[in-house]
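Subject: Structure handover

Hello,

Here is the structure for you to look through. My notes follow below it.

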Amino acid sequence: MSLSKKINLRKNEEIVLVLKAFFLTYFWLYLLGFVFMGTASFFMFWLFSQGAWGYAVYGFGMLVGLYIIFHTWYFNNKNISVITTERLVDINRVGWFDEYLSVVHFNNIVDVYVRKQGFLPNVFNYGEITIETDNEQTSLRLNQIRSPQRILDFILEHKNNFLENKNLRDQDSIYKAFLNIIPDLDEAQLCEIRDLIDEQLKLIDQENEDNEIGQ
C-alpha cells in the first residue's frame with residue numbers, strides 16, 4: 001500500500017516531508033546483527049568440523065543476525081511521521097501485525113516544543129518533538145528526530161500557511177454564498193447592503209488619497 005493511500009491523502013493535499021528516527025539511534029542494532037553473522041562466519045570451518053551441533057550453531061548465529069538486521073530495517077521504515085499541507089500523521093508500528101496511526105490537524109495545534117535529553121542527543125543534535133493540541137488525548141511525540149528545531153520551525157511554517165489558506169477559502173466560500181442569496185433578498189435588505197458597500201468604498205477612496213499625499 002502506498003503512503004498516500006495509507007494516510008488517506010485528501011484532494012489538493014500534498015505530502016511535504018517524511019520523518020524517520022535518526023540513524024545513529026538504531027545503528028548499534030545493525031552492528032549487533034553483523035556481529036552475530038561475523039562471529040558465526042569466523043568460526044564456520046571449526047563449527048562444521050564438529051558435526052551436526054556445529055552446523056546448528058552456525059545456522060542459529062546467521063539466522064539471529066539476519067533477523068536483527070531485517071527487524072531493524074523493517075520497523076525503521078514502517079515507523080514514520082508524515083507532514084502534509086494540512087496535517088501531521090504519525091505511523092507507529094509496534095508489532096509485526098500491530099500498527100497505530102495518529103493524526104493532528106494544523107488548526108488543532110496549540111504548541112510545539114523540542115527536548116534534547118542526554119549527552120548524545122545534544123552532541124549529535126537529535127531529540128523529541130512534542131505537538132500539543134486543544135485535545136490532550138491526540139497530542140503527539142516524535143522521537144529521535146534529527147535537527148528537531150529545524151523540524152519544529154518547518155511544522156509551524158506549514159501550520160501558518162494552512163491557516164492563511166483556510167481563511168482565504170472561508171472568505172471565498174462566504175462571498176459565493178452571499179452572491180447566491182442576493183436574488184432572494186427584499187428591497188430593504190438590498191438597500192442596507194448598498195449603504196454598507198458605499199461606506200466601505202468611501203473608506204477605501206480615503207485611504208488611497210492619504211497614501212498619495214504621503215508619497
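First, a definition: strands are DSSP runs of E with at least two residues, helices are runs of H or I with at least four, and both are numbered from the N terminus. Two strands pair if DSSP finds at least two bridges between them. This is a predicted model, where local features need pLDDT of at least 70, side-chain atom pairs count only at pLDDT 80 or more, and totals for chains, interfaces and linings use all residues. Residues are numbered from 1 along each chain as its sequence is written, and side-chain values use heavy atoms, with hydrogens and water left out.

**Sheets**

S81 has D90 in β3 as its bridge partner.

Another open sheet has 3 strands, ordered β5-β6-β7, and the pairing is again antiparallel. Here β5 (109–115) and β7 (140–146) are the edge strands. Strand β6 (residues 126–133) pairs with β7 over 5 bridges. G127 stands opposite I145 in β7.

**Salt bridges**

A salt bridge is a side-chain nitrogen of Lys or Arg within 4 Å of a carboxyl oxygen of Asp or Glu. The structure holds 6 of them. In one, E99 joins K6, with the closest N and O atoms 3.2 Å apart. E99 lies in strand β4 and K6 in helix α1 (residues 3–6), so the pair ties together parts 93 residues apart in sequence. R93 also bridges to E99, at 3.3 Å between the closest N and O atoms. Shared partners join K6, R93 and E99 into one network.

E13 pairs with R87, and their closest N and O atoms are 2.7 Å apart. E13 sits in the loop between α1 and β1, R87 in strand β3, 74 residues apart. Are these two buried or exposed? Both E13 and R87 are buried (under 20% relative accessible area; exposed is over 50%, partly exposed in between; 1.4 Å probe, protein chains only).

**Rings**

Rings of Phe, Tyr and Trp (its six-membered ring) pair if their centres lie within 6.5 Å; planes under 30 degrees apart count as stacked, over 60 as edge-to-face and the rest as tilted. The count is 17 aromatic pairs. Ring pairs link Y67, F70, W73, Y74, F75 and W96 into a cluster.

Best wishes
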